[in-house]
Amino acid sequence: MAFNLRGKRVFVAGHRGMVGAAVARRLVAEDVELLVAGRDALDLRDQAATRAWLAANAPDVVVLAAAKVGGILANDTYPVDFLYDNLVIETNVIEGAFRAGVEKLLFLGSSCIYPKFAPQPIPESALLTGALEPTNEWYAIAKIAGLKLCEAYRRQHGVDYISAMPTNLYGPGDNFDPETAHVIPALIRKANDAKMRGEADLAIWGTGTPRREFLHVDDCADALVFLLKNYSDTEHINVGSGEDLPIADLARLIMEVVGLDGALRFDASRPDGTPRKLMSGDRLAAMGWAPTIDLADGLRETYRWFLDAGDHA
Ligand code: GFB
């Protein structure tokens, strides 16, 4: 049975992040009342404040897109931030939402919840079947706890709390800091800096052989709204593009988009991470959802956004 979003008060937690902002943009096309709270107004790591805010604002629906996120090096360097902040944010929001009588809650995880050597493409059932990739186990454990908390509320209290696991996302509003960013924004920035310096080569981390699946954040937001309306089940559900490519190929594509015509240089002192994490999107596809933004187009648009955003990127 479809969930009717019409006239609902929808709280997007984390609306200033890349995903939360995309969900907020996508919700404009729905007949909903959007609720947001910036970090200055509400620190989601503060349990009392989060409970009070949710009780006072009484959302019908919560999209939990607030999280401490970062690329492979940030995950490895700041384990406390990635484990503690994420555990606290998700427990505060999910528990506070339950107390406030929220009807539907959508929790966001990540493809890194799956074992390092999961079968490819990764089905949802691969969860907890093997050891995690060490560079992101802190974040992964926090996200597994979050999806299990939704499952627990569902089982014990019968509420409609669901979890979606997006693949590696990119797009406008991303973090472009070369040290803490994910690979796409990091390489866009590095390629653009190289171009500005009059250089032709691009230095990338690791061997370039790991494969990654990428989804534009606007496609992800569309899938999340689709799931809010059409999904109500205990098991988390994958959200991906269904295609992956080696990091070296991605880097060459980014060089083309930015306008660099030199060679790739590999920094083997930096981590590769998981060799491959292509998710199976079969369940979401069977429900009738498909992505629309091709990787090359998405990269061109993201590069334009980066140039327009200047110092804000
Ligand atoms: O995007 P990324 O940081 O995250 O790295 P993960 C993906 C791949 O790109 C790795 C390579 O193999 C990196 O070694 N890479 C090459 C680079 N050059 C660069 C660069 O300049 N910067 C970065 N960042 N990578 C994250 C997890 O894993 O994925 C998070 O740590 C989360 O927990 C996220 O799940 C979606 O895909 O390796």
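How far is an oxygen atom of the ligand from an N or O atom in the side chain of Lys190? The separation is 2.5 Å.

The model is predicted, so local features need pLDDT of at least 70 and side-chain atom pairs pLDDT 80 or more, while totals for chains, interfaces and linings use all residues. Residues are numbered from 1 along each chain as its sequence is written, and side-chain values use heavy atoms, leaving out hydrogens and water.

**Exercise 1. Describe the surroundings of the ligand.**

Step 1. The ligand is surrounded by 23 residues, where a residue counts as near if one of its heavy atoms lies within 4 Å. The closest are Ile72, Lys190, Arg212, Pro271 and Asp272.

Step 2. Look for polar contacts, which are pairs of N or O atoms within 3.5 Å; within protein, one atom must be able to donate a hydrogen and the other to accept it, and residues adjacent in sequence count only if both atoms are side-chain atoms. Ile72 places a backbone N or O atom 2.8 Å from an oxygen atom of the ligand. A polar backbone atom of Ala181 lies 2.9 Å from a nitrogen atom of the ligand.

**Exercise 2. Describe how H4 packs on H5.**

Step 1. Helices (H or I, at least four residues) and strands (E, at least two) are DSSP runs, numbered from the N terminus. H4 covers residues 79–99 and H5 residues 137–157.

Step 2. Their axes are 8 Å apart, at an angle of about 15°; axes are lines fitted to C-alpha atoms, for helices over the stretch in contact, and angles run from 0 to 180 degrees between N-to-C directions. H4 is therefore roughly parallel to H5. Angles under 35 degrees count as roughly parallel, over 145 as roughly antiparallel, 65 to 115 as roughly perpendicular and the rest as oblique.

Step 3. Contact means heavy atoms within 4.5 Å. Residues of H4 in this contact include Phe82, Leu83 and Phe98, and those of H5 include Trp138, Leu149 and Tyr153. By class, the contact has 14 nonpolar, four polar and three charged residues. Ala, Val, Leu, Ile, Met, Phe, Trp, Tyr, Cys and Pro count as nonpolar, Asp, Glu, Lys and Arg as charged, and the others, Gly among them, as polar.

**Exercise 3. Describe how H6 packs on H8 and on H10.**

Step 1. H6 (residues 183–196) packs with H8 (residues 247–258) at about 45°, with axes 10 Å apart. H6 and H8 are therefore oblique to each other.

Step 2. In that contact, residues of H6 including Val183 and Leu187 meet residues of H8, among them Leu250 and Ile254. The classes are ten nonpolar, one polar and one charged.

Step 3. With H10 (residues 295–309), H6 makes an angle of about 60°, and the axes are 11 Å apart. H6 and H10 are therefore oblique as well. Among the residues in contact are Arg189 of H6 and Tyr303 of H10. This contact has seven nonpolar, two polar and two charged residues.

**Exercise 4. Locate two backbone features in loops.**

Step 1. Gln120 and Pro121 are joined by a cis peptide bond, with omega about -10°. Pro121 sits in the loop between strand E4 (104–108) and H5.

Step 2. Ala58, a residue other than glycine, has a positive phi near 40°. The loop between helix H2 (47–57) and strand E3 (61–64) holds Ala58.
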